[in-house]
Every structure is written in structure tokens, then in C-alpha cells.
Amino acid sequence: MSVATIPKECTAANEGAKPLVRVNNLTVRFITRDRTIDAVNGVSFTVDAGEVLCILGESGSGKSVTLRAMMRLLPPHLTKISGEITVDDEDILSLGAPALSDLRGGEVAMIFQEPMTSFDPVFTIGNQIIETVKRHDGLSESDARKRALELLEMVQIPSPARRLDNYPHEMSGGMRQRAMIALALSCRPRLLLADEPTTALDATVQIQILQLLHRLQRELGMAVLFVTHDVGVAVEISDRIAVMYAGRFVETGPVRAVIREPQHPYTQGLLASTVNGAMRGKRLEAIPGSPVNLAALPPGCAFAPRCRHAEPACAVPPPETWIEPTRMVRCIRATPK
Amino acid sequence: MSADVLLEVYALRRYFPIRGGLLQRQVATVQAVDDISFAVRRGETLGIVGESGCGKSTTARLLIHLLEADAGTITLEGRAIGDASGLTAREFRRQVQMVFQDSYSSLNPRCTIEDTIAYGPTVHGLSWSAARTRARSLLGKVGLDPELFATRYPHELSGGQRQRVNIARALALEPRVIVLDEPVSALDKSVEAQVLNLLVDLKNELGLTYVFISHDLNVVQYISDRVLVMYLGKIVEVGPVDSIYGNPRHPYTRALLGAMPSMDPDNRGKQATLTGDPPNPINPPPGCRFHTRCAHAEMCCSTREPKLAANTGTGNPTGDHLAACHMLIPGSGHSAAPAAAA
């Protein structure tokens, strides 16, 4: 594993060359005996080194499945994945089991929504970090312990030396999430996958964790793929946003452009139905109907049944329209500027 | 003021014992709700906000008598439960209903939607056929077509539809107050907006009074007339929504509002307003319970508990806005407090 030996500064300096992550036409199907669920239906994107791409979507939009596919965490016997995923020119979908183990927690790391269920409850936090560092970087026990201590300091856990010997249940929710970030960053990953890491936290703790992630991301020059359903969190953390609906990206672009001038009717509806104080006394412009059933997707645009602009032409899948070099909208009404 | 008070809570307290060891002796106490008093006025929406463990859901359960209070009284139009001239628990519950966060676990999976809604009224003396008729008309009212939904089971419905059924069930007894405990927190944003619109419509149409509990400050600001902020089992601040959001007086309220992610891409990356997690409600700190995380804490804060006092700031002539902070209490001993003579 060479990742740990790369000085911090170098990773950020490589920017502008070529993207760290390339995903091309990714599809994920869950196949069981009685039905097939089309969870991800042709997603393509790139993430540059040091960039934060946020996938914003509601439950069942396929955002977490996309993230898990990046690390091949989906159950292989039920899942059919096609398309291409490369991280640093390594083809993730063709990796064998040993190579996959090297990748996970090494070059690519992941943090989850509920740290209590992602730590092993019978080992201390310190043990779990030390094990990871020894496995990936081949450090000795004492060096690994030193590294674990540095990591807890880095994520600002108070009295870190004592906390190394804590079991996960002895920590508060915010502290556990910090410990999980320390574990994920223990081998200097180039790509961090974050699956709603602040959703289970209280408001005053959520902002602390977001600020911590933001600072570490810049300091370590990591690329981050961040999944959330919360528009506020997406705005806080991301460089670019991809809005996902029914397993497809319906709109992507820089955070300012997407939030200020949403083009896709779903993005517009999502932002209009995200409540804020300025809407007091006004009726909310809710999107009618309920989210789509992934086991019975409509043949054309999946949002058409809920869309107020729907027309007969929506019965065929809309193509990706690049209205600007950095902005994609998947809607027949979108026109390049 | 007392004329328009519908539901009044006085000195309400609920502690939960924690048992442990071989003999299951009581080893600690969670002070979930500790001596809180507030009033809900006729026709208003009172929002209750706070972080996990602050006692807001316990307050909800105490309000509808799902939990017995250790001390304190709850009165509906001046009548308490169990008093000689008061209400029976049954009569009280007919008038005060509740909607829970988890729309699935609060519905009986073996009952059709229609029977679920009709059950309450039959307990209170309505015939099944009349109750079913009422259930169907309520389904229409909450935006579900009775022809399609009346005979379905909860698992056949989406989360938003199930929450509509829960609202219909709460309405079936024609209550005057509905306690809503995180009613939209489990829903997707697009569905959340639909349910909020429905709640506003029903309130206007039926003249309801809501107690709306949520951790989502945006939703509370949208729907509430007055807001009550809780921290570790205590009320730290209460007042009209614009006053609370526009001119928060308690350092905790300020921190909570400051921690809301801004929706403006040019205004992000602000500093976290607090460090650390909320303390455990087992053995809360003495004095002001917030003093361990408060930037303005002084000696007096850790020894004496501040009482809710009127906002001495500008822009609130009615004295409706109360906060429990030594910095606002004249002569409290805090260096930022107003002079005792004032």
C-alpha cells in the first residue's frame, strides 16, 4: 500500500489532470425469485481528486446503492452490476477478493449513518483502528497505536489516550461518529464514501461533524462522495451536487447553480418542498404523489407521473442534456444555453 | 391571557428509574421531564424543539396520559383528570389525541384502514356502521380516496399515506387538541410538504389546536405560532415564533439556531456553535443545565438554577417571550445581568 507514503501536499497538486473516479453507465439490479428491482439505471459521473460530490435524493432513489457499488459491498448472489467503475485507473468491478480487501479501508474508505452498527461492539475503538493500520500499512503494534492516537487527536476527540480503550457503547453518538471518521481515514484514503454520516446526529453535533469532514477533506486532499437526503447538508459540504431520482442522475452541476437555478422539475419540486422560515404562512409547493416503485419503473422519464410539465414525449427516456459544460439535466425541456 | 388557554401544564415532572445489579435496585434516575409549566392556547400551534434526550417526547406522552406524571397537573379548560369536578381519562383522551412518528408501528397490521379509524369511535359509543361511515369521510378529508383505501392494510400503503391514516384516526374522535410527535420526520421531503399542507388545512377547517414536536427547526418555524425550546428536561425558552427565531435570548437557543445548515451556498462553512454532545440526562449538571456547554457560563450558573423570566430585550412589549438564563435576570450575580434595581 503506497497510499500512506504519499505526502499530503502531493494529492491535491495532482488536480486538473484526470479524474480520480470514473463511473460509466452503472446499473444495479436486485434479482430475487419473485421480482427484479432496478435500483440504479445508468449512472455516469467523475470525481476529481480533492473534490466533494454530493448525491442528493430521497429514500429509494438509489443513492446508497450507488455508493455501495463503488466498494462492491452489495450481496453478490442477489445483485447484478454492470457498467464501469474505476478508481485511480483500477477497475473495481473486475477485482478479485484479495485485491478488494486491499482496496477497502485502504485507498477507498467508507463511513456510515449509524456508527454503533458499523463498529464491532466487542473490541475497543483503539483495537479496531490498530487492526486496520496493521493490515493495510504493515505497521508494528506500537507504531499502529501511536498512529491511532494521532488519528483520534485529528478528529478532536477529547482525552484521546483514554478513549482508545473505550468500547463503542461507551461513547456518545457524536464521539462515535468522530471515531468512525478516524478509522476511515487511518490509511489516508484517496476516496472517502460517506453514507448519510450526520443523519442520526443532533443539530448541534451535525454541524460539528460536517465542519470536521470539510476541514479533513481539504487537509488530506481526499475526494469525497457524500450521500444525503438533506438539502441543507448538501449545500454545506459539497462542491458539486448530483440529484438522483429512481436510479438516475436527473441533474448535476456546481452547488451554487443547482441550488440557485434548478432546471429539472424534480429538483425544483424538492427545493420548493424543503421547508424554511421564509415560507411561513404560505402553502408549500409539494410534489404530488409518492416516490416511484423501483420494481415497476415507467418506460420513459421516471418522474413524469408526478411532473406538472409532463407531455407525451416524456414516454421515452429523456437523454442527458448538457446545458453548460458543467451542468447536466435529464429532461426534454432542458436546452443548452 | 388565561381565558384563551385550552391546555395547561403545571410543574410537570417525570423521572425514570434505572435499575441494575443483582437485586435490580435503582441505581440512577433519568430526569426526563423536570418541573415544566406551559400553556397551550386555543387555536394555536405550539412547537416544541430540542435535541434527543431533552424530554420532548416524554412531554408528549405525559400530555395524553400515556405515561403517568410523578408530579404536576395537566388541565383541559381548567379541569384536571381525576378531580371530583374534573375529567375522566377517557373523556380527556377523546379531546386530546396523538399522532406518532413511526407511521407503521402505530397502526395495527391486521386491521384494515377503515377499521383502524373506526375503532376509536366505537369504544366511545358509536355503532360500527356509523363509525365506518365516519372513517370513510375522514379518509376523504386527509386526501385518500375511500373507495381505494378503506379496505387496505397498512403494509399496502406508503409512509406518507400511512401518516395520513394516523391523522385521520386522531381526528375520528373529533378532538380539540392533537399532539403531533415528530409527525413528518420519517417522511421524504416531497411527502413531508404534502403532510404539512394537510395539517395546516385541517387546523383551519376544524379549528384544531396543535402541539407540534420536532427536532427540525425549519419545520417548527414554518408551522408554529409559539415555540418552546427544551434542554435536558427543562424549558429554556418559550415565546412567539418570530421572536424566538429573530431574537433568541437563551445561549442554547442561539446555538441551536446557529447550527442550522444554511441553504445559501455563499454562506456556508460557519463555525460550529457548540462543542461536544448534549450531556446524559442521567445526573444532569447542577444549576443551569446548559452551563457545561455555554460560552457565557459564570460561577452563579453552576450553583443556582435560573427561572424562566421575561425577555428584557427590545421588540417584545407583551412579555410573552420567556427565557431561563441568569444573564437576563436582574441581580442574578452574572456579570452580564441587568442591574438589580431595573
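Predicted model: local features only at pLDDT ≥ 70, side-chain atom pairs only at ≥ 80, totals over all residues.
The axes of α8(A) and α9(A), the latter being residues 203-220, come within 10 Å and cross at roughly 15°. Angles under 35 degrees count as roughly parallel, and that is why we call α8(A) roughly parallel to α9(A). Which residues of α8(A) and α9(A) meet here? On the α8(A) side you have Gly173(A), Gly174(A), Gln177(A), Arg178(A) and Ile181(A). Facing them from α9(A) are Val205(A), Gln208(A), Ile209(A), Leu212(A) and Leu213(A). By class, the residues of this contact between α8(A) and α9(A) are five nonpolar, four polar and one charged.

Now hop over to chain B and look at helix α6(B), residues 159-171, alongside α7(B). The axes of α6(B) and α7(B) come within 10 Å and cross at roughly 20°, which makes α6(B) roughly parallel to α7(B). The handedness here is right-handed: that's how α6(B) passes α7(B). From α6(B), the contact is made by Gly159(B), Gly160(B), Gln163(B), Arg164(B) and Ile167(B), and from α7(B) by Val191(B), Gln194(B), Val195(B) and Leu198(B). Sort the residues of that contact and you get four nonpolar, four polar and one charged.

Take helix α12(A), residues 265-272, where Pro265(A), Tyr266(A), Thr267(A), Gly269(A) and Leu270(A) are buried. What do the buried residues of α12(A) pack against? In chain A, they pack against α10, β9, β10 and α11, and in chain B, against α7.

Right, on to the inside. In soluble globular proteins, nonpolar side chains tend to be buried together. Here the largest nonpolar core has 186 residues, and the members that touch the most other members are Leu191(A), Leu225(A), Val243(A), Val179(B) and Val211(B). Zoom in on Val179(B): leaving aside neighbours within four places in sequence, Val179(B) is in contact with Ala60(B), Leu63(B), Ile64(B), Val96(B), Met98(B) and Val211(B).

Two of those partners, Ala60(B) and Leu63(B), are among the buried residues of helix α1(B). That helix, residues 56-63, is mostly covered, with seven of its eight residues buried. After α1(B) comes His65(B), with a positive phi near 60°.

Most residues other than glycine have a negative phi, and most peptide bonds are trans. Over in chain A, though, Ser159(A) has a positive phi of about 35°, and Glu196(A) has one near 50°. Where do they sit? Ser159(A) is in the loop between α6 and α7 of chain A, while Glu196(A) is in the loop between β7 and α9 of chain A. Ser159(A) counts as exposed because it has 8 C-beta neighbours inside 10 Å; Glu196(A) has 19, so it counts as partly exposed.

Last stop, Pro160(A), in helix α7 of chain A. Buried or exposed? Pro160(A) is buried, because 20 other C-beta atoms lie within 10 Å. Not counting residues up to four places away in sequence, Pro160(A) touches Leu149(A), Leu152(A) and Glu153(A). And the C-alpha atoms of Pro160(A) and Ala148(A), twelve residues apart along the chain, are separated by 9.2 Å.

Conventions:
Residues numbered from 1 in each chain as written. Chains lettered and ligands numbered in written order. Core = buried A, V, L, I, M, F, W, Y, C linked by C-beta atoms within 7 Å. Buried ≥ 20, exposed ≤ 12 C-beta atoms within 10 Å, placed from the backbone. Contact = placed C-beta atoms within 7 Å. Helix = DSSP H or I, 4+ residues; strand = E, 2+ residues; numbered from the N terminus. Axes fitted to C-alpha atoms, helices over the stretch in contact; angles between N-to-C directions. Parallel < 35°, antiparallel > 145°, perpendicular 65-115°, else oblique. Nonpolar A, V, L, I, M, F, W, Y, C, P; charged D, E, K, R; others polar. Left-handed = near helix turned anticlockwise from the far one by under 90°.
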